Every structure is written in C-alpha cells, then in structure tokens.
Amino acid sequence: MKVLDRRKMIWVNGVLLALLALSVVGCTLFGPVHVDLANVLNNLFSANPDAEILFRARLPRVLLGVAIGGGMAACGVVLQALLGNPLACPQMLGVSGGASLGGILGLIFFPYWLVPIGGGVFGEVSWVPLAAFLGALMSMVLVYRFSLFHGRLHPYHLLLSGVIFNSFIASVIMFLNSIVDFYQAQGLLFWLMGSLSTRAYMTVAFIWAYIICGFLWLWAKGVSLNLITLGEETAMQLGVETKALQRQIFVASSLMIGAMVSVSGMIGFVGLMIPHVMRLMVGSDHRLLLPASFLAGGIFLCWADTVARVLLAPAELPVGIITAFFGGPFFLFLLYREGRRKLAL
Amino acid sequence: MTLAIECRKLSFAYRDRAVLFGISLSVARGEMVGILGPNGSGKTTLLKILSGIQGGRGEIKLSGKDIACYGRRSLSKIFAIVPQENRVNFPYTVAEIVLMGRASYHSAFALEGKEDLDVAHASMELTDSLFLSDRYLHELSGGEKQRVMIARALAQQPEILLLDEPSAFLDLKHQIQIFELLLRLNSERGLTIVAALHDLNLAALFFPRLIILDKGKIHRDGSPADVLTERTIEEVYDIRVRIERDLSGETPRLFISPWLKQ
C-alpha cells in the first residue's frame with residue numbers, strides 16, 4: 001500500500017525548491033540587457049550599472065513573480081478543493097473581480113493613502129492590497145450566500161454565481177472608469193491591466209508577507225482540504241467542521257488574491273493549470289499538493305515573465321499573454337484527455 | 001441493555017415539504033436494524049439526522065448524552081456512514097480514501113502514523129479490498145467501490161455503522177457478500193448497524209429487526225415476521241404481495257406478481 005510519507009514530502013518539495021532557486025538566479029541573469037556578472041561580483045559595494053540592473057530592476061521583479069505564481073497556484077488548489085471541481089480557478093469565483101473593485105475604490109478615494117515605512121527611508125506601503133483584500137472577501141461572502149441552500153453549499157451554484165458576479169463587477173469597474181477624470185482613468189487602466197513591472201523591495205516584501213500568511217494557514221488544513229473535496233456531507237461525517245473550514249478558506253484565499261491583484265491584476269491560467277499538472281505528478285493529497293503547487297507556480301511564472309521581458313525586447317509583453325498562450329492549449333489538451341479517459345470507462 | 005442511540009420526536013422539513021414527523025426510536029448497542037420504506041419515505045434523511053449531519057427538530061441521545069454535546073471530530077469516531085452516492089472528482093487512490101477515515105485520529109497537518117496505517121490495512125483486509133489499495137477509486141467497479149467505502153467507514157473505528165442502501169447498485173453475488181460482511185462485523189465485533197434497505201427479502205434474511213417508514217412516520221417496528229405482512233406491504237407500498245415462510249419457518253419471503261394486483 002503506497003501512501004504519502006515523509007520521504008516523498010521531502011524529496012518532492014526539495015527538488016522543486018532547488019528548481020525554484022535555480023530559476024530565480026537564472027531569470028535574474030536573463031534579460032534584454034546583458035549584465036556582466038564578473039563586474040557585479042567584483043564591485044559589489046560600489047555603484048555600477050550592472051549591479052543596479054540586477055538588484056534594483058530584475059531581482060525584485062523575479063521575487064514578485066515567484067510570490068504571485070505560487071500564490072495563484074495555491075489559491076487554485078484550495079478553491080478547486082472547496083468546489084470539489086478540478087476545473088475551478090480564482091477568476092471563476094468572482095473573487096478577482098471583487099478584489100479589483102476593492103482596489104479601484106481604494107485608488108479613487110484614497111489615492112495618496114500611503115504609509116511611509118521608517119520615515120520614508122524604506123519606501124511607502126500602499127493601502128491598496130488591504131482594500132483589494134476586503135473587496136475579495138466581500139465578494140466571496142456574497143457569492144457564498146447566494147449558493148447556500150438549506151445550510152449546504154452548492155458548488156454548481158457557487159461557480160455560476162461567481163462567474164455572473166465577475167461580469168457584473170466588470171461593468172461596475174468600466175462605469176467607474178468612465179466617470180473619473182482622464183488622469184485617474186489612465187492610472188486605473190494601468191493598474192487593472194497589471195504586470196510584474198519592477199517594484200520597490202518593500203512592496204515585494206509586503207506581498208510576500210500576505211501570501212505566505214495565507215499559504216501557511218491553508219497548508220495547516222491539509223487533511224481537511226482532502227476531505228472537503230469529497231463533498232460537504234462526507235467531510236462532515238469524517239470529522240471536519242465544514243462551515244469553519246469554508247470560512248477559513250475564504251479569508252485566507254481572499255488575503256492572497258487581494259494582495260496579488262493589487263500589484264499585478266489577475267494573471268490567468270496559473271491557478272488553473274499548475275494545480276492540475278501537479279495533481280498528475282504528485283497526487284491529490286493536499287499536504288503535498290499545496291506546497292508543490294506553490295513552488296511549481298513560482299517557477300512557472302518566473303520563466304513566463306522572463307519570456308515576456310525578452311521576447312520583444314526592448315518592448316515588454318504583459319505576462320498574462322504568455323501564461324494564456326501556453327496555458328490555453330495545454331488546458332484544452334488536458335480536458336480532452338480527461339474526457340476520453342472518462343468515456344473509456 | 002445499553003442504548004447506542006435514543007431519539008424522541010424527530011421531525012424535519014425542507015422549507016415547505018415535511019420529510020419526517022415525530023420519529024421516536026432507540027437502538028441498542030450491538031443491534032442490527034434495517035430501515036425500509038418506499039422512495040421518499042425519509043430513510044436517508046433519518047440516517048443523516050441520527051448521525052448529526054443534518055439538523056432536525058427533536059432529541060437525540062448517544063450513550064445517554066445529547067448529540068449537541070459532541071463535536072464533529074468525536075462524532076466521526078462514533079458514527080461512520082456509507083453513503084448511497086460516492087462521487088469523487090479528484091484522482092485519489094483507494095489507500096488514500098481509506099486513510100481519510102483516520103482524519104479524526106491525527107492532526108490536519110500531520111502524516112498518518114503507524115497505527116493509522118495498521119487500522120486502514122486491517123479494514124481493507126476485512127472488506128477484501130487490500131489488493132485494490134494502489135488503484136484509483138474512479139477506476140473501480142460498483143461492488144469494489146462499495147467495499148472501499150465500507151473499509152473507510154471501518155477505519156473510523158466507529159461504534160455505530162450507518163449504511164444508505166449498501167446494495168443498491170450491486171449484482172446478487174456482491175449484495176450477498178456485503179450483507180454477510182455486515183453480519184460478521186455485527187457478530188464478531190459487536191458493531192451496531194443501521195441500514196436503509198431496498199430489497200425486502202434480503203432485509204428479512206439478514207436483519208433481525210426491521211423498521212418500515214411511511215411518509216415520514218414509523219409504520220411498523222419489529223422482527224421480520226412482524227413487519228413484513230401482506231397487509232403492511234399493501235398499506236405502505238400500495239402493491240399486493242404473497243408472503244410465505246422459508247424452510248426455517250421464521251423468515252418471511254415475498255412473492256410479487258403483477259396479476260396479484262386485482
């Protein structure tokens with residue numbers, strides 16, 4: 001009888017962690033401008049343009065990409081578990097829409113609401129992630145209430161009302177975009193499109209903090225996540241306080257999605273594709289699936305963003321184009337293969 | 001005789017549609033009870049309410065203590081349910097599914113310990129599903145799946161096993177196998193078993209106590225010979241049957257023929 005043991009946990013996560021470290025180094029070195037590594041290492045503490053590019057421009061961007069790729073993949077895993085549906089993703093639940101709306105309201109009403117860290121020496125931290133988190137949480141709660149009948153969560157309704165809610169929110173955002181002044185609209189649009197363009201280390205650190213908190217919270221629920229995939233009633237009778245678990249999944253994933261949307265908009269397909277691939281590779285046990293998906297999502301987005309940076313250099317592609325370009329066909333292939341397997345039974 | 005479950009005046013309604021009215025019954029420890037009744041008579045709902053999955057009106061006591069005093073975790077060590085439908089959308093292996101029965105015995109983050117593995121192993125052995133352990137659940141046949149579900153239930157080391165039509169989709173041989181397994185679990189381990197059943201003849205053959213539900217009420221409660229009478233069947237199922245005794249002279253056998261209607 002093969003079961004998940006400590007050896008497999010360490011082995012899989014170790015390999016992925018090593019790959020992630022290599023990817024971070026590799027992607028940092030890779031870019032439209034050639035960086036002379038020897039020059040950087042020899043003059044580490046004196047000002048030189050190569051070190052500037054490496055540490056000021058590329059490294060924070062790569063680190064942000066890892067956080068967002070990992071966060072998207074982890075959210076994908078738990079939302080799929082919650083819905084008992086391997087084809088769910090953050091976009092489908094209306095969470096991303098809610099997060100965008102929250103962030104936009106934050107931008108419109110509190111544009112200068114920045115908190116200086118250490119008297120401004122370490123940069124400023126925006127309240128936008130918090131507003132986006134509240135937006136995400138509120139939309140999740142709303143969609144949840146609309147899918148609750150006789151005290152049971154109906155995944156089908158959750159999915160449907162999520163999709164509808166997302167398009168409703170989209171229209172609200174468009175409306176807001178057309179009533180604000182031109183200057184603000186430009187800012188909103190820029191924010192909405194999102195990208196992994198370079199940010200200050202402080203911003204990157206804050207996003208990491210949000211994502212790591214959410215991730216650890218969810219990871220600690222490993223076995224309960226396994227059980228909830230079997231449906232609410234089965235999970236209940238196997239000992240899970242399902243209502244509490246659902247609430248925790250909502251809050252933790254809203255926290256992560258809010259943070260991610262506030263810096264990079266919704267980058268599609270990572271949250272759908274990575275969990276799917278990892279489930280094929282490491283199995284469906286969430287104690288392993290969740291960290292493995294986080295690491296793999298980080299690796300994937302790291303490279304996707306590198307491609308986005310260098311493909312049309314010096315111009316830059318939005319990274320969402322790259323993820324969708326690879327993700328779309330891949331996903332269709334998976335869907336087709338799954339359908340064929342099911343029909344063969 | 002200690003009571004495993006004691007409930008009084010259980011009622012349940014889905015908004016405007018009442019499903020159960022004032023059900024009172026008690027099940028002794030080590031008893032084996034079959035619940036019969038037409039579709040929609042409330043069998044499944046009764047099982048859900050008894051195990052605390054569905055809230056209802058009325059009073060349920062487990063070993064003399066009100067069910068509200070128990071958390072989900074401790075309830076899952078008292079009750080194990082084999083549901084009627086077990087759809088799994090994710091690729092889990094049989095071993096993973098059976099080990100899920102151990103969830104209440106270790107923390108949500110920890111890996112299963114040796115004891116968990118041993119219990120799961122023994123449950124699969126008992127249900128003749130050990131050879132399936134590395135296969136995926138969705139690849140199994142109906143009979144194999146049902147055995148795995150019973151293995152998971154046994155891995156919970158419950159005091160009371162609830163089954164919702166355990167033989168519904170099985171062929172005759174697998175039906176008999178499942179019932180024989182239940183009989184063995186009951187006599188060897190003293191497991192209390194309450195099962196919603198469809199097949200009246202099999203119920204009479206294997207279950208010493210039967211309860212017939214009709215429109216959310218208990219119509220009859222007693223031994224197969226008491227419960228399965230021509231009159232009761234006609235009242236509850238609205239068909240006419242002929243009832244004879246088998247060779248032992250105790251177990252009733254139903255004979256159904258369309259022309260008996262007139």
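Me: At roughly what angle do the axes of helix α12 and helix α13 of chain A cross?

Reply: This is a predicted model, in which local features need pLDDT of at least 70, side-chain atom pairs count only at pLDDT 80 or more, and totals for chains, interfaces and linings use all residues. Residues are numbered from 1 along each chain as its sequence is written, with chains lettered from A and ligands numbered from 1 in the order in which they are written. Helices (DSSP runs of H or I, at least four residues) and strands (E, at least two) are numbered from the N terminus. The axes (lines fitted to C-alpha atoms, for helices over the stretch in contact, with angles from 0 to 180 degrees between N-to-C directions) of α12(A), residues 270–282, and α13(A), residues 286–310, come within 9 Å and cross at roughly 125°.

Me: What does that make α12(A) relative to α13(A)?

Reply: Angles under 35 degrees count as roughly parallel, over 145 as roughly antiparallel, 65 to 115 as roughly perpendicular and the rest as oblique. The crossing angle is roughly 125°. That makes α12(A) relative to α13(A) oblique.

Me: Which strands of chain B stand at the edges of the open sheet?

Reply: Four strands form the sheet in the order β2-β1-β4-β5 (chain B), with antiparallel pairing; two strands pair if DSSP finds at least two bridges between them. Each edge strand has a single partner, so one side of each is left without a neighbour in the sheet; these strands are β2 (17–28) and β5 (65–66) of chain B.

Me: How many bridges join β1(B) to β2(B)?

Reply: Strand β1(B) covers residues 3–14 and runs antiparallel to β2(B). Cys7(B) stands opposite Leu25(B) in β2(B). The number of bridges joining β1(B) to β2(B) is eight.
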